[in-house]
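The sequence and structure are shown first.

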Amino acid sequence: NQALNAALAAGEFRGDLLCFTDADSLFAPGALLSAARFFADPRVGLVGGKISYWLGEGAVQQTEGFFWRLENFLRDLEGKLGVLVSCSGLFIMMRRELCRPLPNDVNTDFAMPLMVLAQGYQSRFDKNAVARSLFPLEQEQVLKRRKRTIIRAMTTIATYKQSLPWHVRQVVFWHKTARFLAFPLQFLSLLANILLLAVSSASIWPVFLALQLGFYGAAMVGWLNDRLDLHLPYVYLPYQFTLQSAVAFQAVLAYRRGQRVTTWTPPR
């Protein structure tokens, strides 16, 4: 963000469109031209690209692959409505006149779409503008990155929330904030199911409880699978979902205690 702000202040940006990326990303052929075509519509202020990682083998990599397939699907739906609220720093294209200075403690790939939406423009998603990059291989790196990213995301929400239209704030809540609170909601759901089972004779509650316990049982097996390198299929998803949900909630608590993230050195 400091480099972007310095370039903006120095007037170094040229042309009608700006494209931001990471130093280690590669674009698919035609990605730039494909995204630029969206700006023929004067209502469009920003276009986010589709992200594809070279993941390698392992449970955390497979989980990340599932996450990005889901994330690209959600971004495609939001883009069709003109309210893409989150991009990836691997590919962001926007109108130069809409670019504004960014605080050092916000996520660039989250703040830029919100910046554009706050100015009354649409943000779109281009599934043909593909950018690829390597993904960190170590679980510890993934979890640290997730915590850092969510602390910055919470800061970004607080920075731009009041300037966003009502419908955009709803998209931000369901795409971001609700996801960060998944871990306590999982616990409350399990507790509520146990209480309902105790006070109600309805046959549906034992089924729900069995499904929940089965999910957490699979998460425990996934934990053992990760520790013992058993290569069991499918159990990595409930394990990684629960683990990363816990880290996300930890990041929310850290943000509420005043922790902020302004700089870091990406793992390579």
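Helices (H or I, at least four residues) and strands (E, at least two) are DSSP runs, numbered from the N terminus.

Glu 71 and Arg 75 are likewise four residues apart in helix 3 (residues 59-80), or about one helical turn. Their closest N and O atoms are 3.1 Å apart in a salt bridge. Glu 71 is buried at 2% relative accessible area, and Arg 75 is buried at 4%. A network of salt bridges links Glu 71, Arg 75 and Arg 179.

## Basis of the values

Residues are numbered from 1 along each chain as its sequence is written, and side-chain values use heavy atoms, leaving out hydrogens and water. Because the model is predicted, local features need pLDDT of at least 70 and side-chain atom pairs count only at pLDDT 80 or more, while totals for chains, interfaces and linings use all residues.

Lys 144 and Glu 140 are four residues apart in helix 5 (residues 139-160), about one helical turn. They form a salt bridge with closest N and O atoms 3.1 Å apart, and both residues are exposed. The count of salt bridges comes to five.

## Helix 8

Helix 8 has 25 residues and reaches 36 Å from first to last C-alpha, close to the expected 36 Å; the expected span is 1.5 Å times one less than the number of residues. Leu 209, Gln 212, Ala 219, Gly 222 and Asn 225 are buried in helix 8. Trp 223 lies in helix 8 (residues 204-228) and is partly exposed at 35% relative accessibility. Just after helix 8, Asp 229 has a positive phi of about 55°.

## Ser 123

Ser 123 lies in strand 5 (residues 122-134) and is buried, with a relative accessible area of 0%. A polar atom of the Ser 123 side chain lies 2.6 Å from the backbone oxygen of Leu 84.

Technical notes
Buried means under 20% relative accessible area, exposed over 50%, partly exposed in between (1.4 Å probe, protein chains only). A polar contact is a pair of N or O atoms within 3.5 Å; within protein, one must be able to donate a hydrogen and the other to accept it, and residues adjacent in sequence count only if both atoms are side-chain atoms. A salt bridge is a side-chain nitrogen of Lys or Arg within 4 Å of a carboxyl oxygen of Asp or Glu.
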